[in-house]
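Look at how the parts of this protein model pack together.

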Amino acid sequence: MNKVELLAPAGDLEKLRYAIIYGADAVYIGGQTFGLRTSAKNFSFEEMNEGIKFAHDRGKKVYVTLNIIPHNDDLRQLPEYLKKLSTMDIDAVILSDPGVLMYVREHAPNLEIHLSTQANNTNFMSANFWYKQGVKRIILARELSLKEISEIRKNTPEDLELEAFIHGAMCISYSGRCLLSSYMANRDSNRGECAHPCRWKYYLVEEKRPGEYIPVFEDEKGTYFFNSKDLCMVNYIPELIKAGLGSLKIEGRMKSIYYVANTVRVYRKAIDDYYKLGENYKIDSEWIEELGKVSHRKFTTGFYFGKPNEEAQLYASSSYIRDYDFLGIVLDYDESTGYATIEQRNRMFKGDFIEIIGPDYKLIKQKINVMLDDKGHEIDVAPHAQQKIKILMDKPVDKYFILRRKRKDD
C-alpha cells in the first residue's frame, strides 16, 4: 500500500526548506506569475531551481502553481514561461483552465499536470474527462464529503490520483472562485490578488432607511456572515485515506514558517502513527492543542461529513486566535558551550518560559536563563526583529528548530 502524501504550502524558499525538514512529502510553490497568491514572495527561477534541488536531495517533490483564471493578456506570456519551466526538474504543474492545459501540452509536454481545486471538480464524470485530457491528479473541490470522494475513487482509473485540502482557511465561494474582492477592492481573487473581504465587518442597510445600520447577527460591533472557520481534519486521517485520497494538502502559502513547520509536524505525526500502529491507532488530543498554537480561527471539518451548518461560520469575530508568539529560529548549536544562535522574530526576555519545536515531533520546554547579544554581552531583553542572539539551552537543538512562547497579556 502506497503511503498517502502530505503536501505543504511554500510561499518562499525559506518556507520550502522548513516544510521539507518538518516532514512534508511534497510542497506546492508559485512562480512570480500565474499563481493565485501574488502577495506571497513566491519564487524566481533561480530560487525555484534551488528549492527543487533542496527537495529532491531529500526525496521530496515540488509542484508549481499555474492556477489563475487567465485573461487574454495573461496567455501571451505563458508559452515562454512554460518553456522555461519545462527545462527545470519540476514534478508537476497545478492548473485550472483548459486553455492553460492546452498550452502546457503544446509547449511543455514533459510536465505532469495536476488539476487545481479552482476547476471545481465535484464528480467522477468530470474527473474522467480531465483524465482523458492528460491530467494525472485531481485536486478535488472543497465542497465534497468523504462519501462523495469515495464514490469518485471507485469510478475513476486507479492511476488517476486524488488530492484534497485537509487544513487551513476556507473560502466562502465555490472552490475559491470568488468575485467579492473584485467588487469591494478592485482586486481579482481569481488572478491571485484576493483582499479577503469575506473577513471584513458588515452591517445591513435597508433601501428606504439610509444610514440605519442593522446587525445581521446580534452583535453591536457588526457581523462577519461570510467568515468561515479554519478546516482541520487531523482527527480523521484514517477516514481520509480510506476514502481514496492519495495526497492530503495543507493550505497557507501566505503563512509564516512557524505555521508551516508546526502544522506539518503535527500531520506528519498523525499520518505516521496511523501507518505504524494500524488497528492500535489512537487520536492524540495533543494534536489539536498543538495546531492551536499557531495563528488560526476556530476549527471545522468543512464538508467532509455533510454540508456545514451555521456552526461552521464565525459570526462574532473575524480575528485570528493567537495564543503563542513565534520567537525565532535556531541557526546553529555549539555542543561544547550549550549555546544556540537564534535569529529572532519577536521580542524575548531573560526569564521567559519557552517551547522549542523540531522535526520528528520534538518538543523542549525551558526557561531562558542566559541570553547574549552578538558581542557576547549578557542581556535581559532582545528587542529587535531578526537580530542574532545566543541562548543557553538545557538540551541540544539543531538548525531549523523553532522557539515559541505562550503569549503575554501585554
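## Two helices side by side

Helix α1 (residues 13-21) and helix α9 (residues 257-277) have axes that come within 8 Å and cross at roughly 15°. Axes are lines fitted to C-alpha atoms, for helices over the stretch in contact, with angles from 0 to 180 degrees between N-to-C directions. So α1 is roughly parallel to α9 (angles under 35 degrees count as such). E14, K15, Y18 and A19 of α1 meet I257, V260, A261 and V264 of α9 (contact means heavy atoms within 4.5 Å).

This is a predicted model: local features need pLDDT of at least 70, side-chain atom pairs pLDDT 80 or more, while totals for chains, interfaces and linings use all residues. Residues are numbered from 1 along each chain as its sequence is written, and side-chain values use heavy atoms, without hydrogens and water.

## A helix with two sides

In helix α4 (residues 98-107), V100, L101, V104 and H107 are buried (under 20% relative accessible area, with a 1.4 Å probe and protein chains only). Seen down the axis of α4, these buried residues fall within an arc of 150°, so they line one face. The arc is that of the directions from the helix axis to the C-beta atoms. M102 and E106, on the other side of α4, are exposed (over 50%). The cover over the buried residues includes β3, α3, β4, β5 and α5.

## A buried glutamine

Q344 sits in strand β14 (residues 339-344). Q344 counts as buried because its relative accessibility is 0%. Beyond its neighbours within four places in sequence, Q344 is in contact with several residues, including L327, G328 and H384.

Notes: Helices (H or I, at least four residues) and strands (E, at least two) are DSSP runs, numbered from the N terminus. Angles under 35 degrees count as roughly parallel, over 145 as roughly antiparallel, 65 to 115 as roughly perpendicular and the rest as oblique.
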